[in-house]
Each structure stands twice: as C-alpha cells, then as structure tokens.
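Hello,

Here is the structure I promised to pass on. Have a look at it first, and then read my notes on its charged side chains below.

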Amino acid sequence: MAKSEDNRITFIQQEVIPPLVDLVQYCEAHVLRQVCRALGNMCFESQTGRQIVLTEGGIAALTARLKQLQPRSETSKGENDVHYMLCGCLHTICNDHEEVQREAVSHGMLDILMQYLQYSTDHTVLRFGLNIVATLFDLGDEVTEKASELRSVPIVAKILKNVDDESVREAALDVLGNYNFLSRPLTQMQLYQAGVVTLLVEIINTSLDETASDALDRTACEILVIVLSHDGIAQLVFEDRSCDMVTEALSWINGHQEHLKGTGAVVIGNLATSDLRSASLASNGALLEALFAALSYDYSSDEMMVKVKHAALSAIRNLSICEAARDTLRKYLPTLVGYIRTDMPMLIFKAVACVRTLVRGSKETATDLASDNDLIKVVAGLPSQYKYHNGIQGEAPRLLSTIIVEGDVTMETASNMVSAGVVTVILGMTQTKEYPKIQVEGWIAMQKLLHVLKDPETVLSAAREDGGGVIGACGKCLTEDTNPNVRILALNIIRMIASAIRTKDEMASLTEHLTRLSANDADRPAQQLAKEIAETLM
C-alpha cells in the first residue's frame, strides 16, 4: 500500500515508521523482508520518511541486521531475498540525504557492503549494494578514501569482469566513475591490474540495448580516459599487445559516434605524454590524418564540436612535444594557425600551444610566422581579449617569444611586432616569478627585439604607459626574491636601454635597486653588472 504517494503520506502522518524501525532489530528473516519493503516504500522520494528513520535509530538498526546477515560464502535463495530487501531499503533511505549517509558510514556500512559484494551471487543484491556505495560516495573524498582502504576497486572490478548483467555492470561503473582517480595513482594501478582497461574497451565496443548501453558506454569512456592519464599505466597499455589501444582509439576517431571520436583523441593524447610513445604515434600517418579529419568533421552541435576538437588539438599538442614528431606535424601548420583566428577560446588555447611547440627548433617556421603581420596582431591581442582564460594568458605570450627567439627577425618585422603590441605582452611574461623559465623566455625575446631594432627608445615608448613599461618590469625583476638568472637578464636589458633613459622618474626607479645590488657581495655577477650600469647612467 505504501507504493502509493497518498498512502505513503498517510502512513508517515500516522507514525507507522517508528514501530517498523523497532521491528528491524528483533524480527525473523521472513518478517524482516516485509519490514524492509514497507520502510523502503514509505521513504521513496520522501525526505520526511528518511528523517524519521534516522531519528528513530533506523540506520543503526538496519546496518546491524545487514552485518548480522552478511554472507561469508555463496548464499542461498532465501538469504538472497533478505539481502536484496535490506540493500534495497537502505539504498532508498540513503539516497539524497547527507545526514543519513554520514550515519550509515559511521556505523561501518561500507565495510559490510564490501562483504556482500565479495560473496553474493544474486544480481539484485549486487546492484543494490553497488548503488548504496555510489550513493555514499556523494559525501566526497572522505568516503572514497575509506573505500580505497577496503580495496573496493578490485572487488568492484571483479564484478564488472564476471557478471554479465547490464544493470549490475552499469552500477559497478557508476561506483568506479565516482572515484577521484586523478589523485589516486595506486587506485588506477589496481584497476589496470584487475584487467578493467580491457573490459572498458569491450563495453565501449559492444552494442547492447541502445538507451542503457549509451549510459554504460559513456561512463566506460570517462573511466578509461582517467585511468590512462596515469603515465605508468599508459606505458603498460601501450606495450600490451593483447589490447591494441592505439588501433582501438583510431577506430573510434574514424567512426561516426561523436563522443567516441573525442574519447579516441583523449586516449591518444594520454598515450603521447612521453617522447618515445609520442615519436611512435607520430610516425603513424593514419593516426595523424584521423586527428586532423576530426577537426574538419561536421558535428551535430557546437558543444560536441568544441569538445571533440579540443580533444584532437590536445592530442596533437602532446604529439608535437616530441622533437622527432615535429617535422611530420609541421605540414599541418596552416590548419592549426587557422584555429588561432577563431572565436572559440578553448580551441584557440590548444592551437596556440600546438603552434608554439612546432615553432621550437625550426628557424624557417618561426621566420614565416614572424612575417605574418595579421597573425602577430591576433596573437598579441589574445591576452587582453581573453583576460580570464589562464591557458591563453600563458600560451599566447610564449608563442610570440618563441617566434622572436627562433626566427630570423628583420628590423621591419621587429618594428611591426612593436606596433602590434608585442612588447606589452612579452613584458607580462617577465613578471611571472613563480615560473622563472617563462621569465627567462620573455627577457631573451625582449633582448633580441632591442638588438634587432638598435633603437631602445622605440621599445621604451611602446610600453611606457603599461605598468611602468620596460623600466618598471626590469625594476620588479631586481628584487631579492627574483631568480638570479632572471635578475641578470633584467640588468642586461637595463644596460641595453640605458642610453634612452632620460627622465628623473625612470632613473629614480632603478637607482635604489642598482645601489643595493652594487653593494651585494653575495651575488657577484649581478653586482658587477649593476656597477657598470650605474656608471653609465651617471
């Protein structure tokens, strides 16, 4: 009767729940089945019912009976009936109620459920047990951490491997999908050792019932991608001939299911995070063609288009990190540059990163891009256009500095860059003290611009109004908390522009730093250079 919403409300108002909770502790198994059924129905989509069960001590009572009846070997039909009623009741009560969930965890429900998942052979019990675990995972890392300590991953992986019931497998994937695998490399390794990677590929490739398999398939994709983000697992999978992951990923990218195109691209991107793997993958012409074909595919929605293209560009970016792969990828440079000119920041970010890595080590490529005035203007304008996109803020200046440093920059090209606002953008790089490598890149590019132009006033005037310009940026890099290499580069820039420093304000902003450094015997290189500059300015 409690299946009806009206009856449910009536029973709750008539205080039927408290005596049922009392029965849980003492009744025989055949009565317990009916008590659990009644409690589960009355708490279905009812926060009031769940709260009453909690207040009356129902969670403690149900957990105690769950432990008392827990299986220690394969269970009989009668025991399974009690088990699935208990688990079904607890799942309903715990669902969407944080206080109830915390109470259940405090009474050791996770430990008990692992026993059920290990020994029960009943698919309904397994499904409800997995559903409760997934529900308790709503509490976050504190619970998933506890589950990891109980070695729940191998237990759930075994169910996924041995049980062919779709609803159980979906529940198992739901549990695995709720783990924060990215912060748990050991848990990822447990998954791999349990053979889950192969199972995930089988699930992705197997077409079951269209509606159910779609959810199953997408969850399997998400877990596979996360597991392969572990470099050690990526290497093991790459070497595993029994599961040719590259071939599988290539077939997904070439297929017509759009979300699988994205999964395939992310898999390749994860495999391409080492030089050796990247070089091997980049030598696969069919794979490169597939990734670039994914960039030109006509997607069903803008959301899917951005998602898959972002994955493809990420894979290309990782492939291009390997020096041996760059020559192969450079023929696709026009396509990548084209994405820099779009209005989609996620794609712009990845495209800029791809182009930057392909410019490195190629004087010809850098020189060609340096002479593309329109492209330089576009890239120089990206940081101000996308102020809140950290990826673009980091990559756009680095692309400009790489073009300058690697290319054959003429005076005309350098002048065009200054006019395009490149100086201001590169000065921004020099202020990232948490990343000294990027500061060095910025100052080296600035040094080359000054050398090519042979007119420091041109560079000084280009950024005077932006936070103190070149002189202000140099001054901020002379402080004691600055990396010594960066400090030397900043001093060298001051030496190069000294002849153009004319105002008292500009002079005064440097004097304090130069005086301090000139007296600092602990940093001899900076001391000597500071003394030379001070004499020049006098």
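A polar contact here is a pair of N or O atoms within 3.5 Å; within protein, one must be able to donate a hydrogen and the other to accept it, and residues adjacent in sequence count only if both atoms are side-chain atoms. Please note that this is a predicted model, where local features need pLDDT of at least 70, side-chain atom pairs count only at pLDDT 80 or more, and totals for chains, interfaces and linings use all residues. Residues are numbered from 1 along each chain as its sequence is written, and side-chain values use heavy atoms, with hydrogens and water left out.

Let's start with R277. Its side chain reaches the backbone oxygen of L271 at 2.5 Å and makes a polar contact with the side chain of Q235 at 2.6 Å. R277 is buried, with a relative accessible area of 1% (buried means under 20%, exposed over 50%, partly exposed in between; 1.4 Å probe, protein chains only).

Now to the salt bridges (a side-chain nitrogen of Lys or Arg within 4 Å of a carboxyl oxygen of Asp or Glu). The count comes to 11. K146 pairs with D111, the closest N and O atoms being 3.8 Å apart. K146 is partly exposed at 31% relative accessibility, and D111 is partly exposed at 35%.

R341 and D372 also form a salt bridge, at 3.1 Å from N to O; the pair links parts of the chain 31 residues apart. D523 and R487 meet in another, at 3.1 Å, and both of these residues are buried. Finally, E98, R102 and E142 are linked in a salt-bridge network.

Best wishes

Definitions and conventions. Helix = DSSP H or I, 4+ residues; strand = E, 2+ residues; numbered from the N terminus.
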